There are 2 protein chains.
Amino acid sequence: MYNIAIAQSGGPTVAINSSLVGVFKKALNSTQVLKIYGSLNGIDGILNEKIIELTKFIRTEDDCEILKRTPSTILGSCRVKLPDYAIDKAPYEKIAEVFDKYEISCFFYIGGNDSMDTVLKLDNYFKSIEKDIRVIGIPKTIDNDLPVTDHTPGFGSAAKYVCTSLCEIIKDSEVYELDSVTIVEIMGRHAGWLTASTCLLHDMGEVAPHLIYLPETKFSLNQFFEDIKEVQKEHKAVIIAISEGVEIDDSGYQESGCTSQLTDAFGHRYLSGVGKYLERAISDKLKIKVRSIELNVLQRCSSHLASLTDIEEAEQIGSEAVTCALNGESGKVVIFKRVSNSPYTIEFESADVSDIANKEKPFPLEWINKSGNNVKSDAVEYFKPLIQGELDVVIKDGLPQHFKLIKEV
Amino acid sequence: MYNIAIAQSGGPTVAINSSLVGVFKKALNSTQVLKIYGSLNGIDGILNEKIIELTKFIRTEDDCEILKRTPSTILGSCRVKLPDYAIDKAPYEKIAEVFDKYEISCFFYIGGNDSMDTVLKLDNYFKSIEKDIRVIGIPKTIDNDLPVTDHTPGFGSAAKYVCTSLCEIIKDSEVYELDSVTIVEIMGRHAGWLTASTCLLHDMGEVAPHLIYLPETKFSLNQFFEDIKEVQKEHKAVIIAISEGVEIDDSGYQESGCTSQLTDAFGHRYLSGVGKYLERAISDKLKIKVRSIELNVLQRCSSHLASLTDIEEAEQIGSEAVTCALNGESGKVVIFKRVSNSPYTIEFESADVSDIANKEKPFPLEWINKSGNNVKSDAVEYFKPLIQGELDVVIKDGLPQHFKLIKEV
């Protein structure tokens, strides 16, 4: 019989609690598992012994269903990076001590690239001291930038939110009979997957977004102005989707004689984000009505608009992680392998965490158009299955119900 | 037999097309109505003869249902203010000429405070030339700041969106074990109704938002810092709802020795909004993690999260407007009168447009707490019925379907 522990780490998504439910239910129904612990605030909860017995908090099938509809991380999160074992072994010894105390022999860490670093280091450590603790990573990130896996839990729901909101923003932007630019800033510091997913609107007959910019390509401010002028020839309301991570080359712009300092009083160019920066630049240079909209954290926490495919896959991947651990695997991440687009079929596999930790998968250059200002329709078939289906939201008095964990340990 | 015309004006909401459906269906089923025209871009469409026959575009019951689920204004909008007749009678004569040409004798204008000015002026004009053209106003605004009526179509859906998003933002803000402030900036330049509606979260057991600031009360930056420190004694993650229209008195702040220029390079203090301004001030003064979120246009166009009560009322008020006009009324606005909160019951009445045009109804001071930093629970019973019920969204391939009007006239 095994005791297991689950923790959640990194930035929130709407699917991360579904993966926890997946682990929980599979473990609960396994004759090999005795106790199911939750660690509060990721690996911090192990280090500081903030550990709860999940069965005391998640009691019914209804609890599981509400939890699947609750955004963010019910156990809290952390941004801790474990030190190199060679430099500082104290945290590793503390973790081993706590695992011993609670007789924990399987540890599931739900997180992104950075969190997989913790999985890798812990697995290496336990292997080095020849201790049979199985450490399994469960991917999640709205950025979709994990290598090896076809996609990541949390991404499909974020894409569904972004695309739905964009559909609505387009309607809002087209009401007046005047030239205007609407910039929608979308999350993704290094990888443009989420911004690129707005090409799904083209598939449903929208011309907008007319321009899509990703961090994977170069972005010149002067070219940007030219792109807008080109779109304006046919469309009064220009709609632009742009990744927050786009790096702006404004050298040509400064040279062209524009003197406005587009920095704030602190000298920060991007303090208010790329969208606000470009809003000012357009207003300054093109003298037309412009508005920037930052979708902000709502794109990662809007569980009322989750993709059913995403939520179900997130639960399944949690369940598969338990199977993996009970089969004796460790230092692995459960991943999706896409078998076909139509009908959409995936398989689960386990991959070496060393192939995933600290690595990023950029949006493929072959799916970006030559001008670097739009996404090719080839990407539609990749994105489309991921946003399908809607989760029925549980509403009380007009507002969604979320799971509450009483955090007293 | 009458020909009628409908136009939409002012800022978008998710209910304004429902009111159009209300007018359309009632007129379609009336033996007294012959042709139903739509004027593109508000009164501009009459002035420039951009007029369509709505029956050519809205053909089926399904069209009506999709239209009710389509945000913004399907006929476009405008921000035109008619001149005083005494100063410039040309536009009035043009409107009369176009009405004659199309034999239009009832005109329905769906809009907010400013649009009601158009209703008032047109009605005065037609009465002055003794012409039997009935001009009826149909209210809409997410700001809920129209006098006489209990509330306005569009407000309930906006409040439902704001409250739902805030529930999700709270979950997102609480994941890390560190002191933080999250500022949510909500629409409302002069009236705080929409921001105040976040008190509904308290009714469902949330302590957050811990602080609520409305334009109806004074806002001192120094007192704001004190308010935050007070909340921090009990809550690590401080959540603040604030109206975009709050006027910040930062004199005490400047005097306290803080030297940072909180303006941008253009000298605009609020260019990026109140939220961004306060984000910088908190970061500068309190040195804690702070994030500001501007809900932006999504609060007025997120039809995927509409209040069923709001959408149904918006349709009914359109229908009542037709009854009003056919009864010979003019210069009137159809309004809601609340009969009871529980069960929630309203009646429709017609009010003189002169009591509504160009006037604003602030959020009642007696519903704001003494410190001016929160809303009393007395307001809950007012807001609660307005966000009840959900409209089933029509989804295709994972995204909501919206009505498309081919705008060629």
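1. In which order do the four strands of the open sheet in chain A lie, and is their pairing parallel or antiparallel? In this predicted model, the order is E7-E9-E6-E11, and the pairing is parallel. Strand E7 (211-213) and E11 form the edges of this sheet, each of them pairing on one side only, and from one strand to the next the twist averages 15°.

2. E7(A) and strand E9 (residues 237-243) of chain A run parallel and are joined by three bridges; A:Tyr213, for instance, has A:Ile242 in E9(A) as its bridge partner. Across strand E6 (180-186), E9 and E11 of chain A lies the helix H6(A), which runs at about 165° to E6(A).

3. A second sheet deserves attention in chain B, where seven strands form an open sheet with mixed pairing, in the order E3-E2-E1-E4-E5-E12-E13. Its edge strands are E3 (51-53) and E13 (344-352) of chain B, each pairing on one side only, and the twist averages 30° from one strand to the next. Strand E2 (residues 33-39) of chain B runs antiparallel to E3(B), to which three bridges join it, and B:Ser39 has B:Ile51 in E3(B) as its bridge partner.

4. Two helices that pack on this sheet of chain B may be described together. Helix H1 (residues 16-28) touches strand E1 (2-8), E2, strand E4 (104-111) and strand E5 (134-139) of chain B, and its direction makes about 175° with that of E1(B). Helix H5 (residues 113-128) touches E4, E5 and strand E12 (332-341) of chain B, with its direction at about 170° to that of E5(B).

5. Turning to the interface, the reader will find that chain A and chain B each bring 72 residues to the contact. The size of an interface is often given as the accessible area lost when the parts come together. Here the area buried between chain A and chain B is about 5,400 Å², and carbon and sulfur atoms give 57% of it. Of the area that chain A buries against chain B, 12% is supplied by A:Glu168, A:Tyr176 and A:Leu399, which is more than any other three residues supply.

6. Most residues other than glycine have a negative phi, and most peptide bonds are trans. The peptide bond from A:Ser342 to A:Pro343, however, is cis, with omega near 0°, and A:Pro343 is found in the loop between strand E12 (332-341) and strand E13 (344-352) of chain A. In chain B, a cis peptide bond joins B:Ser342 and B:Pro343, where B:Pro343 lies in the loop between E12 and E13 of that chain. B:Asn41, a residue other than glycine, has a positive phi near 55° and is found in the loop between E2 and helix H2 (43-47) of chain B.

Note on methods:
Residues are numbered from 1 along each chain as its sequence is written. Chains are lettered from A and ligands numbered from 1 in the order in which they are written. This is a predicted model: local features need pLDDT of at least 70, side-chain atom pairs count only at pLDDT 80 or more; totals for chains, interfaces and linings use all residues. Side-chain values use heavy atoms; hydrogens and water are left out. Two strands pair if DSSP finds at least two bridges between them. Axes are lines fitted to C-alpha atoms, for helices over the stretch in contact, and angles run from 0 to 180 degrees between N-to-C directions. Contact means heavy atoms within 4.5 Å. Buried area is the accessible area (1.4 Å probe) that two parts lose on being put together, summed over both.
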